[in-house]
Amino acid sequence: MFWNTLLLSIRAIRRNLMRSFLTILGIVIGVAAVITMVTLGNGATKSVSDQISSMGSNILIVAPGQRFGPGSGGAPSFKLADAEAIENQIYNAKWVAPTTSKSATAVYQANNWSTVVYGSNNDYFPAGNWELADGRDFSDSEQRSGKAVCVIGETVRENLFGTASPIGSQIRIKQFSCEVIGLLEAKGQSAMGHDQDDMVVMPLRTVQRRLTGSQDISRITVSARDTNSISSVKKKIELLMRERRNIGENEDDDFRVMDTRQIADTLTSTTRILTLLLGAVAAVSLLVGGIGIMNIMLVSVTERTREIGIRLAIGALEREVLLQFLIEAVVLSSIGGIIGLILATTASLVLSGIMNIPYIFDPGINLLAFLFSAAIGVIFGFFPARRAAGLNPIDALRHE
Amino acid sequence: MSTAPLIRLNALTKAYGRGQATFQALKGVDLTIDSGDFVAIMGPSGSGKSTMMNILGCLDTPTGGSYEFRGVHIEDVSRNQRALLRRHYLGFVFQGFNLLARTTALENVELPLIYRGESAVVRQQRARAALAQVGLKGWEDHTPGELSGGQQQRVAIARAIVSDPEILLADEPTGNLDTSTSAEIMELITNLNRERGITVLMVTHEPEMAEYAKRVVRIVDGVIASDQRNGEAA
């Protein structure tokens, strides 16, 4: 009985190519939209966490104030002495990079480029996973005397020097000239779309004297020796800073020590919300596809009711008719689902390539979208048929 | 076959609707039909002739009385059993042809055999033979839309006889056809009755068509008004 019914179903599908095509199309669009959106969202989330781990996994950032983000909220800034205290007193602090920054325009010959100037020490490079592509980092005497030397990022080089090598050239920043001594290896865009290569690094003292005009540092980046020591280093820094900043027993910290995992959590939860949003938008398209299918099925109900009447009159059992319609619905929605899956995979691969995010296959959402489409197909294909098959054959035949 | 008649109706009634709106389509019909007969059921519109035909064809159920088919009380059997009776013993020809649209003649004729579970080879062979018998050899791959009314009715007849039914039930088989085509269809039905011994029940309101039958039953207002053999004096 099953094989015969399968034959009947396939004949019915072939007979109504336009209806079958539209049904499949509705499912294809819904499934493809949902899977593509969620896959891209997952890719973006993954990309964010990858970028954060590329910062180095053992990184702690010490900054004044309690708020996440820029600004200290009135809390006093750190000074170089704070960084030196961490370096000298905390054994497992491998690299300690006190950092301050200021936006400035860099000029070379006729070219100028707006960028951010960071002042720090040589620990800044390993702590931020930076490699030198050319030239050298700062010498001790340059750091001590605050000499005007700089290491530039790839974006700055490209905009100021074009194809030429920058090493040894003088660029002008505000009112002073600065010798380019090093070029950083390109890192590309960060997860948030920020160009990481758009920067100039100088010795801390140089920036403090010539650009910010103060002894403040905006943050201290500390790299723990290994993953296991992160929390102990974090606690020690907190104790040390409370002591240095004279914070009493019952007072809250007026600074914060963040590890990269915390930052990662914040960012990934943001992208996850975006993924959910995209998924919700796509779910609407799945629903619209479903309504399209429902329309097609309802419009064809008259013709199909008569068809059911004919089948019943020539001796089909009610359950044979139902099985036929069920198979028909399952076949159509499966074909739609499979095409949707293929389309979604192709679109996700292409789009994630364009958007520069990793492609991650998520079996959960693929299965979910597929099952949902199958359910829509079956519900709207099968239930009108069930009503018709329950009629007296003569009533089904006479259906207008 | 025993001596029991093929069909025996006893005080058969059929009512539509409920309460005051009840319409009594059949008001107690007694009728006996023997195997091999060719019966024309005549009557004006609304007389109940189609209702009787649908009940005889197990497409509809009576509200009272009894209907015995080959000794089986149809009013007592289940929906599925009635479907199986239709599958194995009955063949239908309708006024509106009722072929599956956009489906070839061959596939339309094959349909009853699919439900009977015949193999593909047997189906093809028998469907082709049935189409040849109704004079449609060479038209197997045409869909109803590509066939004339007469040809469509021939396909419907082929579909009705492909499973070797005991009875052919024809509801106004020539109602949508012109005079010469009607004559051809009636010749075909008459031949099936004569040569293959298929019992034919035909509803018609045209006296010319009723002349092809061996027996004419007239129904007026839900009761049998007359029942005579053609050729006998009225």
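## A tour by selection

Begin in chain B by selecting strand E9, residues 215–220, together with strand E10, for these two pair in the antiparallel sense over six bridges. Two strands count as paired if DSSP finds at least two bridges between them, while strands (E, at least two residues) and helices (H or I, at least four residues) are DSSP runs numbered from the N terminus. Show the side chains of B:Arg218 and B:Ser226, and you will find that B:Arg218 stands opposite B:Ser226 of E10(B).

A word on what you are looking at: this is a predicted model, in which local features need pLDDT of at least 70 and side-chain atom pairs count only at pLDDT 80 or more, whereas totals for chains, interfaces and linings use all residues. Residues are numbered from 1 along each chain as its sequence is written, and chains are lettered from A and ligands numbered from 1 in the order in which they are written.

Now widen the selection to the open sheet of six strands in chain B, whose order is E6-E7-E8-E3-E9-E10 and whose pairing is mixed. Its edge strands are E6 (90–93) and E10 (223–229) of chain B, each of which pairs on one side only. From one strand to the next, the twist averages 15°.

Contact here is a matter of C-beta atoms, placed from the backbone, lying within 7 Å of each other; axes are lines fitted to C-alpha atoms, for helices over the stretch in contact, and angles run from 0 to 180 degrees between N-to-C directions.

Move on to another sheet in chain B, an open one in which four strands follow the order E2-E1-E4-E5 with antiparallel pairing. Strands E2 (23–33) and E5 (72–73) of chain B each have a single partner strand, so one side of each is left without a neighbour in the sheet. Select E4 (residues 64–69) of chain B with E5(B), a pair joined in the antiparallel sense over two bridges, and look for B:Glu68, which stands opposite B:His73 in E5(B).

Finally, show both chains and select their contact, which takes 21 residues from chain B and 19 residues from chain A. On the chain B side, the largest share, six residues, comes from H2(B).

Methods:
Contact = placed C-beta atoms within 7 Å.
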